[in-house]
Amino acid sequence: MIHLDINCDMAEGFSRGRQSEDLGIMKWITSVNIACGLHAGDPHIICRTIEAALKHDVKIGAHPGYADIQGFGRRSMNLSVNEVYELVLYQISALAGTTKALGGELHHVKLHGALYNEAAERPELAEAVVQAIADIDEELILYALSGSKLVEAGLEHGLQVAEEVFAERAYLPNGRLAPRELEGSVLISKEERMEQTRQLVLKQRVMTVNGEHIDLAADTLCVHHESHDVLQFLGEVHKWAKQNDVKIEPITAR
């Protein structure tokens, strides 16, 4: 049997806006990555999302990114290695503390946006991120782009690493995500997303933007809450999983 975690980035709005848990996504996922307030989110929506995750028995992760609300954390920032370390350290600590106060326990860490992509490519940033995680709690699971430098850094430090793949993002031949400004970088049709999910989960491979297939480990599948018809898609994934001996469940800490 194949085991698959499904994760989703949440709490990326603000308390006066529509909250992600109201969309009904929690019942379809097994882990949630909660924004820590610097690229998006505020204390109120963070607390509401933690409470919703606890109610649905969904594993809680910190989702730190660059302090760039205007750019939603998707713009590169010229920070030093030490600044990245402190940035990640602060955000994980805040989410871990809030989760504990509300009766839960932090399970994992997944970076957001530009920081996610840059740590996947740059060993020195990957090292800073991994050090911050390890200094807080070596039992935290690192969610990282499959086959990336961040995966390598996490394993070298002895962290448990979950290699992440994406249902609706197109891939470059080097295994990195296609930049969002590239036409076709986000898959819209349910058929395309389902086919990519099938390939990633069953065959551990994906077709890139140039039509080639590359191998990718797939421990956890990211589905973004803003994706087109996300609830229908998640329902389809669960139905397909049952028919193909794929067990959807959270990643267990070793």
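Author: Let's start with the largest pocket, which holds about 440 Å³ of space. A pocket here is found on a 1 Å grid over the protein atoms alone, as an open set of points where a 1.4 Å probe fits, with protein on both sides within 12 Å along at least five of seven lines; lining residues have an atom within 4 Å of a point. Points are joined across faces, edges and corners, and the volume is the space filled by probe spheres set on them. This is a predicted model, in which local features need pLDDT of at least 70 and side-chain atom pairs count only at pLDDT 80 or more, while totals for chains, interfaces and linings use all residues. Residues are numbered from 1 along each chain as its sequence is written, and side-chain values use heavy atoms, with hydrogens and water left out.

The lining of the largest pocket has 25 residues, and nearest its centre lie Gly 113, Asn 117, Arg 169, Leu 177 and Arg 180. Helix α3 (residues 113–121) supplies the largest share of that lining, six residues. Helices (H or I, at least four residues) and strands (E, at least two) are DSSP runs, numbered from the N terminus. By type, the lining has 10 nonpolar, five polar and 10 charged residues. In this scheme Ala, Val, Leu, Ile, Met, Phe, Trp, Tyr, Cys and Pro are nonpolar, Asp, Glu, Lys and Arg are charged, and the others, Gly among them, are polar.

A contact means heavy atoms within 4.5 Å. Gln 196 is buried, at 9% relative accessible area; buried means under 20%, exposed over 50% and partly exposed in between, with a 1.4 Å probe and protein chains only.

Now for the nonpolar core. The largest one has 73 residues, and Ile 29, Val 32 and Leu 150 have the most contacts inside it. Helix α4 (residues 123–136) gives the most to this core, eight residues. Such a core is a set of buried Ala, Val, Leu, Ile, Met, Phe, Trp, Tyr and Cys residues joined through side-chain atoms within 4.5 Å. Beyond its neighbours within four places in sequence, Val 32 has contacts that include Cys 8, Met 10, Ile 60 and His 108. Ala 126 belongs to helix α4 and is buried, with 0% relative accessibility. Leu 150 is one of the residues that Ala 126 touches, along with Ala 119, Lys 149 and Ala 153, not counting residues up to four places away in sequence.

Most residues other than glycine have a negative phi. Ala 11, however, has a positive phi of about 60°, and Asp 57 has a positive phi near 60°.

Finally, the whole chain has seven helices and 10 strands. Of its 254 residues, 53% are buried.
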